[in-house]
Amino acid sequence: METSLDATAEQPRGLWLPLITPFRDGELDAASLRRLIAHYARAPLDGLILGATTGEGLTLDEAELERLVMLTADALAASDRKLPVYLGLSGSDTRKLVKTLARTAHWPIDGVLIACPYYTRPSQRGLVLHFEAAADATARPILIYNIPYRTGVNLQNEAMLRLAERANIVGVKDCCADPAQTAELLRLRPPGFAVLTGEDALAFDALSRGCDGAILASAHLETEAFAAMMHRLQAGDRLGGATEWQRLADLPKLLFAEPSPAPVKYALWRRGLIDSPEVRLPMTPVSPTLAAAIDARMLPGLSAA
Ligand SMILES: O=C(O)C1=N[C@H](C(=O)O)C[C@H](O)C1
């Protein structure tokens with residue numbers, strides 16, 4: 001088992017971007033990916049996640065995932081920005097996940113984001129054994145992704161805290177949708193176990209309550225403002241954070257009005273950052289109504305013309 005090539009990301013914190021995967025005519029679009037990386041390498045981000053929900057990871061085969069990782073590593077090297085990169089590697093078959101972790105051990109990534117196994121609704125014990133098997137199969141940092149409304153199962157705090165004892169399980173992307181569960185986890189977690197919110201619409205509340213950071217598809221747009229909001233809250237300036245949030249709060253509503261990442265991709269395409277808003281089935285492009293609403297939010301002059 002190989003260790004990470006750049007171990008700067010032991011405990012992920014701050015604002016992380018779950019990068020979209022650009023497609024053109026059904027293929028991974030390398031030119032758009034390079035443009036995106038060059039753009040976000042200049043942004044106030046603390047890390048990138050490839051192939052997560054927003055990155056349509058479930059639609060990428062292993063060759064595409066590898067190409068995505070390699071192109072990103074090259075583009076980051078060209079930009080001279082050291083930004084930790086995690087890769088979404090989820091699945092509902094523990095054995096397959098373990099094999100994938102072994103096969104990808106030499107890829108230039110700093111950690112992996114692993115969602116709870118979906119659809120099969122295992123017990124808490126099954127979930128613990130699944131993540132323990134993953135932790136045994138890699139030396140890389142693992143960020144657990146707890147999102148019951150997508151996977152059908154909630155990793156409860158008792159199980160989470162047990163997993164937090166493992167040296168390379170470094171935190172959770174928390175989308176449990178239960179403020180009491182998150183508050184209890186923040187209170188009971190061991191030092192060094194990071195809690196990052198992945199709920200765009202609730203980012204202000206989660207960061208106000210003490211989350212260590214956020215992983216937000218919405219931060220593809222207005223990245224500076226999302227970072228400013230987080231930095232103000234982390235500095236104890238709640239009013240300043242609230243002022244930033246007031247300018248941002250409508251964005252997650254717009255970008256999640258239809259299944260993500262079609263709205264984000266549409267917005268990035270309109271901004272000229274990617275060459276096509278293409279998504280892969282079963283995702284579908286945004287409706288004309290939502291497209292017009294996004295234009296009105298992003299390009300007010302243009303849409304009024
Ligand atoms: O890409 C992700 O992973 C994200 N997941 C959340 C989701 O699944 O809805 C939202 C977050 O903005 C990014």
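In strand 10 (residues 213-215), Ala 214 is the bridge partner of Thr 197, where helices (H or I, at least four residues) and strands (E, at least two) are DSSP runs numbered from the N terminus. Strand 9 and strand 10 pair in the parallel sense over two bridges, two strands being counted as paired if DSSP finds at least two bridges between them. Between these two strands the chain passes through helix 8 (residues 203-208), and this β-α-β crossover from strand 9 to strand 10 is right-handed; the term applies if, with the strands pointing away from the viewer, the path from the first strand over the helix to the second runs clockwise. The model described here is predicted, and for that reason local features need pLDDT of at least 70 and side-chain atom pairs count only at pLDDT 80 or more, while totals for chains, interfaces and linings use all residues. Residues are numbered from 1 along each chain as its sequence is written, and side-chain values use heavy atoms, with hydrogens and water left out.

Strand 9 spans residues 194-197, with Ala 194 and Leu 196 pointing one way and Val 195 and Thr 197 the other way, and all are buried; here buried means under 20% relative accessible area, exposed over 50%, and partly exposed in between (1.4 Å probe, protein chains only). Strand 9 also pairs with strand 8 (residues 169-174), in the parallel sense and over four bridges, and Lys 173 stands opposite Leu 196 of strand 9.

Strand 7 is largely enclosed by the rest of the structure, because five of its five residues are buried. Both of its faces are covered, with Ile 142, Ile 144 and Asn 146 buried on one side and Leu 143 and Tyr 145 buried on the other. Strand 7 pairs in the parallel sense with strand 6 as well, over four bridges, and the bridge partner of Leu 113 in strand 7 is Leu 143. From strand 6 the chain crosses through helix 4 to strand 7, in a β-α-β crossover that is right-handed.

Asn 146 lies in strand 7, which covers residues 142-146, and it counts as buried because its relative accessibility is 0%. A polar atom of the side chain of Asn 146 lies 3.0 Å from the backbone nitrogen of Leu 155, a polar contact being a pair of N or O atoms within 3.5 Å, of which, within protein, one must be able to donate a hydrogen and the other to accept it, and for which residues adjacent in sequence count only if both atoms are side-chain atoms.

An N or O atom in the side chain of Tyr 145 is 2.5 Å from an oxygen atom of the ligand, and a polar side-chain atom of Tyr 149 lies 3.3 Å from a ligand oxygen atom. The backbone contributes too, with an N or O atom of Ala 217 lying 2.8 Å from an oxygen atom of the ligand. Taken alone the ligand exposes 330 Å², and the protein buries 98% of that.

Most residues other than glycine have a negative phi, and most peptide bonds are trans. Asp 25, although not a glycine, has a positive phi of about 50°; this residue is found in the loop between strand 2 (23-24) and strand 3 (27-28) and is exposed, with a relative accessible area of 67%. The peptide bond from Ser 260 to Pro 261 is cis, with omega near 15°.

Methods: Accessible areas come from the Shrake-Rupley method with a 1.4 Å probe; for residues, only the protein chains shown count as cover.
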